[in-house]
2 protein chains.
Amino acid sequence: MEIYLIRHGIAVDSTADLADADRWLTKQGIKKTLQVASSLRRLDLEFDIILASPLLRAQQTADLLISKDLSAKQEIHADLAPHGSLDSWIHWLQDYERTHPHAQRLALVGHEPCLSTWAEMLLFNQVFHRLHLKKAGIIALDWPTATHPIGNCQLNWLIPPKCWL
Amino acid sequence: MEIYLIRHGIAVDSTADLADADRWLTKQGIKKTLQVASSLRRLDLEFDIILASPLLRAQQTADLLISKDLSAKQEIHADLAPHGSLDSWIHWLQDYERTHPHAQRLALVGHEPCLSTWAEMLLFNQVFHRLHLKKAGIIALDWPTATHPIGNCQLNWLIPPKCWL
């Protein structure tokens, strides 16, 4: 199975009147995220499901991916929010794998520094803070079928949005 | 400084009559490598120098990058060949940095599993064999200025050729 960790696009700053969870994507953030989504579509990628953090900017990012037909299914997962639990969404994924044995490709939309930290745990079972994931950037991993994913994934992509021309 | 580790394109297999060092790029290998080179050019990337392994397939890959105006300078470095020494080309780069204080971006063309292993040493000072670098794929790193690069680089890109559409 392939797992695509996608960081939300550029969002407005939070203010005294605007909670972090309610920050929306800027026009530039929407434009760049749509460019990334179109490029993924040109690669013929399709996700069995897009799982997204409940925060508005992640939900909007998932909506933009859906608008380019990258998936027919979308769900919210509370543990993709900042300070969410890696173990919790790994369990969700393992359940999904069991109940959807033909699933090939899942997208998870979330935040930094969680996504790159989780990726390092999945790849190395250690955190180095050495992966630089831009907004609307993507980390693609191969997820092992026979072993626990922590320390056993493979890194296939780390792609910032500007590289999708 | 940014360092781009670029794996040579698809080459013919070696045979009893064809030594590994003399394997040339296939038509498909040339086509894909040129697509990657054109995409890098569209990003306005320019390398201060392209350093390549002496093996024919790496030399041809460097020539294709040069043909798309990605650099005006090309050199052979013996330690970019398989079984070359990471320390040796790190010393070369440190000398280059000293004598070219305005250098911004260097490309190194070589082979697997060396390139991804060296990248892991530069990122983590450990080897995990967790980076999947395809032929004509690119690993881009931020190279630190004030400290030794081993364990202190940052991963900016890991991009397989198919993602440059």
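Predicted model: local features only at pLDDT ≥ 70, side-chain atom pairs only at ≥ 80, totals over all residues.
Is Arg41(A) buried, exposed or partly exposed? Arg41(A) counts as partly exposed, at 27% relative accessibility.

## Where the two chains meet

Let us start with the contact between the chains. On the chain A side, 26 residues are in contact with chain B, and 26 residues of chain B take part in return. Together the two chains bury about 2300 Å² between them, and 60% of that area is on carbon and sulfur atoms. Three residues to look for are Phe124(A), Arg130(A) and Leu165(A): they supply 27% of the area that chain A buries against chain B, more than any other three residues.

What kinds of polar link cross this interface? The count of residue pairs in polar contact between chain A and chain B is 13, with both residues at pLDDT 80 or more. Salt bridges across the interface number 0. To find your way around the chain A side, look for α1 (27-42), α4 (114-124) and β6 (154-159), the elements that give two or more residues to it. Strand β6(A) gives the most, with 6 residues. Sorted by class, the side of chain A that touches chain B has 14 nonpolar, 8 polar and 4 charged residues.

## Salt bridges

Over all chains, the whole structure has 10 salt bridges. One of them joins Asp20(A) to Arg23(A), with the closest N and O atoms 2.9 Å apart.

While Arg41(A) is partly exposed, Asp44(A) counts as exposed, at 59% relative accessibility.

A further salt bridge can be found within a helix. Asp95(A) pairs with Arg98(A), and the closest N and O atoms are 2.6 Å apart. Both residues lie in helix α3 (residues 86-99) of chain A, 3 residues apart, about one turn of the helix. Asp95(A) is partly exposed, with a relative accessible area of 41%, and Arg98(A) is exposed, with 62%.

How many disulfides does the structure hold over all chains? The answer is 0. Take Cys153(A) as an example: its sulfur has its closest cysteine sulfur in Cys114(A), 17 Å away, so the two are too far apart for a bond. Cys153(A) is also buried, with a relative accessible area of 0%.

Cys153(B) is buried, with a relative accessible area of 0%.

Terms used
Residues numbered from 1 in each chain as written. Chains lettered and ligands numbered in written order. Heavy atoms only, no water. Contact = heavy atoms within 4.5 Å. Buried area = accessible area lost by both parts, 1.4 Å probe. Salt bridge = Lys/Arg side-chain N within 4 Å of Asp/Glu carboxyl O. Polar contact = N/O pair within 3.5 Å; in protein donor to acceptor, adjacent residues only side chain to side chain. Helix = DSSP H or I, 4+ residues; strand = E, 2+ residues; numbered from the N terminus. Nonpolar A, V, L, I, M, F, W, Y, C, P; charged D, E, K, R; others polar. Buried < 20%, exposed > 50% of the residue type's maximum accessible area, 1.4 Å probe, protein only. Disulfide = S-S within 2.5 Å.
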